[in-house]
Amino acid sequence: MTLFFRLVIVISLFSNAANASDNNKPLANDQPNILLILADDLGYADLSIHGQKEFSTPNIDSIAQNGIQFKQGYVSNSVCAPSRAGLISGRIGIGFEANLPRKKPHGLDPKLETMADMLKRGGYGTSIIGKWHLGVLDKYYPTNRGFDYFVGLREGSRDYYYDENNKSDAPGSDKAIEINGKQVKFEGYLTDYLTDKAIEVIDTHTQQSPEKPFFMYLSYTAPHGPMHGKPELINKYKHIEPKKRRIYTSMVDSLDEGVGRVLSHLEKLKLTDNTIVVFLSDNGGPTAHNGSDNGVLKGDKGSVSEGGLRVPFLIQWPASIPAGQIRDDMVSSLDLVPTFAAAAGVTPVEKASGINLLPYLSDKNKAIENRILHWRRDHMTDLALRSGKYKWVENRVKDETALYNLEQDISERKDISAQHPEIVKSLKDKYLKWESTAPEPTFKSGWKAPKKQKGQTKNKHDH
């Protein structure tokens with residue numbers, strides 16, 4: 001904690017310099033706090049507001065009820081690491097398009113400014129709680145990428161309980177929990193521990209630097225595998241079958257409880273009104289792996305189908321955003337960098353790929369139009385482009401192309417490419433124009449989708 005707040009003090013000393021470099025920056029007390037909550041491998045249909053009936057997620061749902069639920073929220077990639085790279089850098093086409101191979105020296109390019117770097121220019125105290133997964137080497141470490149404080153793991157997943165006899169907690173393990181570079185033990189269940197730390201950091205910041213806004217990236221590992229739930233919650237859901245789905249449900253329950261505790265603490269400190277809270281998942285649920293449910297969406301984690309790319313996407317900011325909105329606008333995790341920049345009054349990162357959502361969030365009648373989103377997966381083999389109601393996909397290895405009208409066919413069941421060759425050509429040309437500006441990926445995937453197993457939870461499109 002001490003290092004974090006020393007750095008916050010240093011930031012405050014240089015806030016005037018930040019004001020000079022970023023025109024139109026609001027006064028510090030006008031800047032909102034920013035809390036970015038990221039779930040890991042959450043199924044699209046696994047929130048009550050998305051139709052989940054087996055269990056409820058009242059705390060996560062409350063973010064939508066107090067703000068906006070986007071029905072067409074997307075991430076920049078359908079697996080963990082590249083999705084996070086897009087989220088934190090605000091950019092695609094940076095050569096980071098696959099999960100990080102184990103024991104390889106890859107990570108998010110240190111030359112790229114991150115969301116945390118950007119907000120530090122605006123005088124924010126910055127912290128990350130939880131999963132990093134953007135490079136295990138020290139040069140990629142969160143405190144070298146704009147974050148003042150880090151408690152969490154460098155890698156992509158770990159056990160949910162501390163055990164010094166397990167690989168996760170072995171000395172020097174990249175899966176071990178660290179606090180600013182120092183490996184530590186932790187008590188209890190990991191999701192609860194990360195929640196405790198988030199509340200602790202918010203408390204310390206508001207006590208020691210109440211005049212400064214904070215940016216917290218609360219990056220839970222839940223409900224990513226390994227499938228470890230709290231025994232009392234697994235028993236609570238003993239009516240749910242199969243067992244993997246039951247454990248998954250208990251993990252989502254803990255996640256929802258953690259989100260609720262953080263939100264309640266903001267309310268207790270009277271910070272709710274001027275805090276932007278965003279909740280999303282890093283990609284769609286890997287249904288065979290963790291028992292998640294993507295509902296009517298085709299595909300799952302790792303695919304360029306909707307089940308891999310479309311995620312829960314909720315935003316609240318009571319001081320500026322009308323509550324209770326359900327929006328059909330197409331938005332992306334890439335939009336968060338320019339949106340946070342506008343809210344903080346700083347210039348966004350260079351060549352940001354997304355758009356500033358603030359004009360649309362505050363005006364319920366203003367629609368986002370003419371959006372185009374691009375995706376590229378698996379070392380340039382799986383491609384997709386969304387433009388309006390149409391989605392074009394192509395697999396270069398199999399030489400297969402498809403076109404879907406998502407307004408009429410959200411489950412991507414009916415390929416209409418043969419009926420509309422002119423639309424296929426137009427969208428492919430747009431894709432190739434974008435791809436000509438993007439470098440080739442710098443490494444290949446270190447992740448493969450598990451094979452489907454008997455008794456697994458199926459999406460509603462599967463038969």
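The following dialogue explains how to read several features of this predicted model.

User: How many residues does helix 13 have, and what is its reach?

Analyst: Helices (H or I, at least four residues) and strands (E, at least two) are DSSP runs, numbered from the N terminus. The expected span of a helix is 1.5 Å times one less than its number of residues. Helix 13 (residues 421-435) has 15 residues and reaches 21 Å from its first C-alpha to its last, close to the expected 21 Å.

User: Which residues of helix 13 are buried?

Analyst: Buried means under 20% relative accessible area, exposed over 50%, and partly exposed in between, with a 1.4 Å probe and protein chains only. In helix 13 the buried residues are Ile423, Val424, Leu427, Tyr431, Trp434 and Glu435. They are on the same side of helix 13 because they cover an arc of only 105 degrees around the axis; the arc is that of the directions from the helix axis to the C-beta atoms. Lys425 and Lys433, on the other side of helix 13, are exposed.

User: What covers the buried residues of helix 13?

Analyst: Contact means heavy atoms within 4.5 Å. The cover includes strand 11 (372-377), strand 12 (382-387), strand 13 (390-395) and strand 14 (400-405).

User: Where is Pro338 placed, and which residues are in contact with it?

Analyst: Pro338 belongs to helix 11 (residues 336-344) and counts as buried at 9% relative accessibility. Leaving aside neighbours within four places in sequence, Pro338 is in contact with Pro348, Gly354, Ile355 and Asn356. Between Pro338 and Leu357 there are 7.8 Å in space, C-alpha to C-alpha, although they are 19 residues apart in sequence.

Definitions and conventions: Residues numbered from 1 in each chain as written. Predicted model: local features only at pLDDT ≥ 70, side-chain atom pairs only at ≥ 80, totals over all residues. Heavy atoms only, no water.
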